[in-house]
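Have the sequence and the structure open as you read.

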Amino acid sequence: MARLLFSAPPEWWPLYREPLLRACADRGLEVALTDDPAEPTGFDYLIYRPGGPVTDFTRFANLKAVLSLWAGVERIAGDATLRVPLCRMVDESLTRGMVEWVTGHVLRYHLGIDAHLAGQDGVWRNAVVPPLATHRGVGLLGLGVLGTAVAEALAGFGFALQGWSRRPRAPGDFATHSGADGLATLLSRSEILVCLLPATPDTENLLDAGHLALLPRGARLINAGRGTLIDDDALLSALDAGHLAHATLDVFRQEPLPPGHAYWAHPRVTVTPHVAAETRPDTASQAIAENIRRGEAGLPLLHVVDRAHGY
Ligand code: NDP
Ligand code: OXD
């Protein structure tokens, strides 16, 4: 019998209890599942979403792993009280959601949809025709699970794609880069820049004034990674100066984004409320149960976080 603790804000418990039990039963796993961290039994696995009751893992002496319901694990990756493997969420629904969201926003920019939405005034403005995707430079920061799936979708339209990751990639269907020089090359060619990097000490404020200045004038930015990737003051200055034409931001240093934040009122910013890709209880529970099955069978866990690099 594997003993599972669900630690998340209370509204998630009714949404996850049944799907988790079902996913475990599907795999023939016998489990005891609770959301009460005070139960005196030792727990084998802790299912984690930020904002739940567990903030210190020290007392969970028998824990075999912490299984995150989020793909981004910056809130616990550096936690010194966590001494067992931490697995992040990798789930096809989450990935498909991100692909749809990013593709939609890239196409909005590429096709210039806003200009037509704003101009329904009887004037026939056909002077500006968007280029084909093959002539549109799109840069993708982050080529992990989500970035790779997004790249495949955008490549399907024929966009002139470039990608950037920490470790160099073997040559593939589109140009990839790593390191500072590779970043500079990618930025200089990105009319649309998509960020799908994790929040780590190395990515903090990556998009600062210097890096934003490398983008072509009139570039657009889409951030679905984390708010910490962006130096907010530098972005606002680049937008005010017209160097960047527009930004679509799904993630922020403080969430919910405070009502008075400059992004809400900025005419060149679209704010979306961290909805790019949602973790869905049915499929996320399958991913969690699969790791429990593997743990109980003595198999290596999937998607273990590299704590040294923070993702
Ligand atoms: P992965 O861990 O699979 O991929 C991370 C990518 O970032 C990898 O390509 C990695 O490089 C690259 N990377 C990390 N650090 C650096 C660095 N210092 N320099 C250059 N590249 C770096 O993550 P996912 O693709 O699954 O998710 C990415 C992020 O998306 C999550 O961490 C989370 O913050 C965010 N997210 C946002 C959601 C939303 O709704 N807005 C939903 C889900 C996730 P390498 O390939 O070399 O390891
Ligand atoms: C995640 C997220 O990391 O929703 O899963 O941002």
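Ligand 2 has Trp70, Ala71, Gly72, Arg226, His274, Ala277 and Thr279 around it, where a residue is counted as near a molecule or strand if one of its heavy atoms lies within 4 Å of it. By class, that shell has 3 nonpolar, 3 polar and 1 charged residues. The classes go like this: Ala, Val, Leu, Ile, Met, Phe, Trp, Tyr, Cys and Pro are nonpolar, Asp, Glu, Lys and Arg are charged, and the others, Gly among them, are polar.

On its own, ligand 2 has 210 Å² of accessible area, and the protein covers 88% of that. (A polar contact is a pair of N or O atoms within 3.5 Å; within protein, one must be able to donate a hydrogen and the other to accept it, and residues adjacent in sequence count only if both atoms are side-chain atoms. Accessible areas come from the Shrake-Rupley method with a 1.4 Å probe, and for residues only the protein chains shown count as cover.)

## Ground rules

This is a predicted model, so to speak with thresholds attached: local features need pLDDT of at least 70, side-chain atom pairs count only at pLDDT 80 or more, and totals for chains, interfaces and linings use all residues. Residues are numbered from 1 along each chain as its sequence is written, chains are lettered from A and ligands numbered from 1 in the order in which they are written, and side-chain values use heavy atoms, with hydrogens and water left out.

## The other site: ligand 1

Ligand 1 is surrounded by 29 residues, and the closest are Arg88, Leu143, Arg167, Asp250 and Tyr311. The shell splits into 14 nonpolar, 8 polar and 7 charged residues. Helix H4 (residues 145–157) supplies the largest share of it, 3 residues; helices (H or I, at least four residues) and strands (E, at least two) are DSSP runs, numbered from the N terminus. Domain 1 (2–91 + 279–296) and domain 2 (93–271) each give the shell at least three residues, with the bounds taken from an automatic or database domain assignment.

The side chain of Arg169 has an N or O atom 2.9 Å from an oxygen atom of ligand 1. Backbone N or O atoms do this too: one of Ala277 lies 3.0 Å from a ligand oxygen, and one of Gly225 lies 3.2 Å from a ligand oxygen. Ligand 1 exposes 940 Å² when taken alone, and the protein buries 94% of that.

## Helix H2

How far apart are the end C-alpha atoms of helix H2 (residues 92–111)? They are 28 Å apart, which agrees with the 28 Å that 20 residues should span at 1.5 Å a residue (the expected span is 1.5 Å times one less than the number of residues). Of the 20 residues of H2, 15 are buried, meaning under 20% relative accessible area, while exposed is over 50% and partly exposed is in between (1.4 Å probe, protein chains only). Just after H2, Gly112 takes a positive phi of about 70°.

Glu255 and Pro256 are joined by a cis peptide bond, with omega near -5°. Pro256 belongs to the loop between strand E11 (244–249) and helix H8 (262–265).

His274 has a positive phi, near 50°, without being a glycine. It sits in the loop between strand E12 (269–271) and helix H9 (281–296) and is partly exposed, at 21% relative accessible area. His303, also not a glycine, has a positive phi of about 60°; it lies in the segment after H9 and is partly exposed at 36%.

## Pairs across the chain

Gly147 lies in helix H4 and counts as buried at 1% relative accessibility. Its C-alpha atom is 9.8 Å from that of Gly225, 78 residues away along the chain.
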